[in-house]
Amino acid sequence: MLFLKNKKEKGFSLLELLIVIGIIAIITTIALPLYFRALEDAKRTTQWNNINAFIKQIELFSIKSGRFPTPQEFQNIIKSSQNFSEIPLCPYNGKNYTFTSSLSSFRTLMQNDNFNNAHILYYESTAKSYTIFYYPPKFYIGNKVSKRFHYPWCWTLPEPRNQVLLKTREEAIEKGYIPCGNCKP
Ligand SMILES: [Zn+2]
């Protein structure tokens, strides 16, 4: 009698256990992916805001000087605390932004590990134009013929008439495009 009484007070019934397991299952299948998705979206937004802050400085420079900054001058722009209330840090790895003007080394860096290299930008310029690439890209490029999709900096992009602009990776996959084996988007 005493044994039964103790069991009733201290143990869980099978139904209670099943409810607990069910709640844990709901948390892991619904709430966690949503949480990671929100975290990913926040990083993406911060990255874009940081890049836009750099672009604003590039544009200001061109208004003052009548030409776009050279890579050396761009380096001063992203490193100088005078330009920002706080120097932006990359949200993917917490590192200070840096850049390369070599497209081939940028491509290699992006292929190896996007998150660890997300603070590395590509910047090159002439007096009249500039190009800036960063991770993640603002769009992807699909090939209508091969049905592959690429980073905008891929070296095997289709010719312009076969290009399709894809806003996100998800959109590309939804529309039946396969990631390019070279740039691995
Ligand atoms: Zn590619």
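The following legends describe close-up views of a predicted model. Residues are numbered from 1 along each chain as its sequence is written. Because the model is predicted, local features need pLDDT of at least 70 and side-chain atom pairs count only at pLDDT 80 or more, while totals for chains, interfaces and linings use all residues.

View 1. Seven residues of domain 1 are in contact with six residues of domain 2, contact meaning that the C-beta atoms of two residues, placed from the backbone, lie within 7 Å. On the side of domain 1 that touches domain 2, helix 4 (residues 103–112) gives the most, with five residues. Helices (H or I, at least four residues) and strands (E, at least two) are DSSP runs, numbered from the N terminus. The residues on this side of domain 1 comprise five nonpolar, one polar and one charged. Here Ala, Val, Leu, Ile, Met, Phe, Trp, Tyr, Cys and Pro count as nonpolar, Asp, Glu, Lys and Arg as charged, and the others, Gly among them, as polar.

**View 2. The largest nonpolar core.** This core holds 27 residues, of which Leu-121, Tyr-140 and Phe-149 touch the most other members. A nonpolar core is a set of buried Ala, Val, Leu, Ile, Met, Phe, Trp, Tyr and Cys residues joined through C-beta atoms within 7 Å. A residue is buried if 20 or more other C-beta atoms lie within 10 Å of its own, exposed if 12 or fewer, and partly exposed in between, with C-beta atoms placed from the backbone. Two or more residues each come from helix 3 (71–79), helix 4, strand 2 (120–125), strand 3 (130–133) and strand 4 (140–143). Strand 2 supplies the largest share, four residues. The core lies between domain 1 and domain 2, because both give residues to it. Leaving aside residues up to four places away in sequence, Leu-121 touches Tyr-97, Phe-99, Ile-132, Phe-133 and Tyr-134.

View 3. Three strands form an open sheet in the order 1-2-3, with mixed pairing; two strands pair if DSSP finds at least two bridges between them. Strand 1 (98–100) and strand 3 stand at the edges with a single partner strand each, so one side of each has no neighbour in the sheet. From one strand to the next, the twist averages 30°. Strand 2 and strand 3 run antiparallel and are joined by four bridges, and Ser-125 stands opposite Tyr-130 in strand 3. Helix 4 packs on the sheet, touching strand 1, strand 2 and strand 3, and its direction makes about 160° with that of strand 2. Axes are lines fitted to C-alpha atoms, for helices over the stretch in contact, and angles run from 0 to 180 degrees between N-to-C directions.

View 4. Strand 4 pairs with strand 6 in the antiparallel sense over four bridges; Val-164 in strand 6 is the bridge partner of Gly-142, and Leu-165 that of Ile-141. Both faces of strand 4 are covered, with Tyr-140 and Gly-142 buried on one side and Ile-141 and Asn-143 buried on the other.

Note on methods: Domain bounds come from an automatic or database domain assignment.
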